[in-house]
Number of protein chains: 2
Amino acid sequence: MDVFEALADPTRREIVAMLAGGERNAGDIAARFPMKGPSVSRHLRVLRESGVVSYRKNATAWIYRLEPGALGEAEQWMRAQLEVLHARFDRLEAHLDRMKERGD
Amino acid sequence: MDVFEALADPTRREIVAMLAGGERNAGDIAARFPMKGPSVSRHLRVLRESGVVSYRKNATAWIYRLEPGALGEAEQWMRAQLEVLHARFDRLEAHLDRMKERGD
DNA sequence: CCCATAACTAGCACATTCGCTAAATAGCTT
DNA sequence: AAGCTATTTAGCGAATGTGCTAGTTATGGG
């Protein structure tokens, strides 16, 4: 599944922010949201399937961990767009400077 | 509206990538997609309302431009999460190094 | 072995999204 | 003013997403 789709939901972004601070089990994650466990569990599934988080089982608890790969790719895509935009802006500025120097 | 929600749709991400290369009018944008004009127009509306693009009217054509602000904020949010994650990883590595040096 | 705990999956209702066609709006041209 | 072009808005149906309750699976303790 798609990373951007996974990040589209504010609850899932909060989960990502929580997990940036360290691993958490599903119960601890769910406890911080007003919704019921199964709803959070579904959000966790979306994050799992998009590769944003990994998970492992420790005794009865599922422990979730933020993985940098998927998130990093999305971040790089955004940065690439911004860089293309910025590069064009710089060229325009340089062009205007040249025009000004020639007194155009 | 939310930037991440706006970027969740692949069509809208393609539009963003197109506009990174420069301004385009709605017709030129729509021409590059298999869907009908009104569908693209709705995607453009989402991008407008999320602040990802600005638009102005020139004669009969609406011209769309990618704005760095909204996109940049989203990119920074992602980078912030990755940095928190990375910082924790670095601390862990340093800790393990210290343990090794002490022969733990 | 049976019960409690942790978390998941299944199935339902409601809201939203996505594409479509048809109609409205705005500016240029004659 | 009438019509042409470019684009948006309105409204429809199918598909999807989100939260809920109820039931299932897996592990640990008495």
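## Relation of the two chains

A rotation of 180 degrees, with 0.0 Å of shift along its axis, superposes chain B on chain A, and the RMSD is 0.0 Å. The two copies are thus related as by a two-fold rotation axis. In general, two copies of a chain are related by a rotation about an axis and a shift along it. The model described here is predicted.

## The interface between chains A and B

In the interface, 23 residues of chain B are in contact with 23 residues of chain A. On the side of chain B that touches chain A, α1 (3-7), α2 (10-20) and α5 (68-101) each supply at least two residues. The most comes from α5(B), which gives 12 residues. By class, this side of chain B divides into 14 nonpolar, four polar and five charged residues.

Do the copies meet through the same surface or through different ones? Of the interface residues of chain B, 100% are also interface residues in chain A, so the copies meet through the same surface.

## The surface near DNA strand C

Around DNA strand C there are 20 residues, and those that come nearest are A:G27, A:P38, A:S41, B:M35 and B:K36. From chain A, α3 (26-31), α4 and β3 each supply at least two residues of this surface, as does α4 of chain B. The most is given by α4(A), with five residues. The surface near DNA strand C has eight nonpolar, nine polar and three charged residues.

## The surface near DNA strand D

Around DNA strand D there are 22 residues, of which A:K36, B:G27, B:P38, B:S41 and B:A61 come nearest. From chain B, α3 (26-31), α4 (37-49) and β3 (61-66) each supply at least two residues of this surface, as does α4 (37-49) of chain A. Here α4(B) gives the most, with six residues. The class counts for the surface near DNA strand D are nine nonpolar, nine polar and four charged.

## Helix α4 in chain A

From its first C-alpha to its last, α4(A) reaches 18 Å; it has 13 residues, and the reach is close to the 18 Å expected at 1.5 Å a residue. Its buried residues are A:V40, A:H43, A:L44, A:V46 and A:L47. Seen down the axis of α4(A), these buried residues fall within an arc of 155 degrees, so they line one face of the helix. They pack against α1 (3-7), α2 (10-20), α3, β2 and β3 of chain A.

Just after α4(A), A:G51 takes a positive phi of about 80 degrees.

## Helix α4 in chain B

The 13 residues of α4(B) should span 18 Å at 1.5 Å a residue, and the end C-alpha atoms are 18 Å apart, which agrees. Which residues of α4(B) are buried? They are B:V40, B:L44, B:V46 and B:L47. Down the axis of α4(B), the buried residues lie within an arc of 155 degrees, so one face of the helix is lined by them. Their packing partners in chain B are α1, α2, α3, β2 (53-58) and β3.

Just after α4(B), B:G51 has a positive phi of about 80 degrees.

## B:V52, between α4 and β2

B:V52 is placed in the loop between α4 and β2 of chain B. With 26 C-beta neighbours inside 10 Å, B:V52 counts as buried, the cut-off being 20 or more. Leaving aside neighbours within four places in sequence, B:V52 is in contact with B:V3, B:A6, B:V16, B:L47, B:E67, B:A70 and B:L71. B:V52 and B:L19 are 33 residues apart in sequence, and their C-alpha atoms are 10 Å apart in space.

## Residue A59 in both chains

Most residues other than glycine have a negative phi. A:A59, which is not a glycine, has a positive phi of about 55 degrees. A:A59 lies in the loop between β2 (53-58) and β3 (61-66) of chain A. Is A:A59 buried or exposed? It has 6 C-beta neighbours inside 10 Å and so counts as exposed.

In chain B, the phi of B:A59 is positive too, near 55 degrees. B:A59 is in the loop between β2 and β3 of chain B. B:A59 counts as exposed because it has 7 C-beta neighbours inside 10 Å.

Terms used
Residues numbered from 1 in each chain as written. Chains lettered and ligands numbered in written order. Predicted model: local features only at pLDDT ≥ 70, side-chain atom pairs only at ≥ 80, totals over all residues. Near = placed C-beta within 6 Å. Helix = DSSP H or I, 4+ residues; strand = E, 2+ residues; numbered from the N terminus. Nonpolar A, V, L, I, M, F, W, Y, C, P; charged D, E, K, R; others polar. Least-squares fit on C-alpha atoms with pLDDT ≥ 70 in both. Contact = placed C-beta atoms within 7 Å. Expected span 1.5 Å × (residues − 1). Buried ≥ 20, exposed ≤ 12 C-beta atoms within 10 Å, placed from the backbone. Arc of directions from axis to C-beta.
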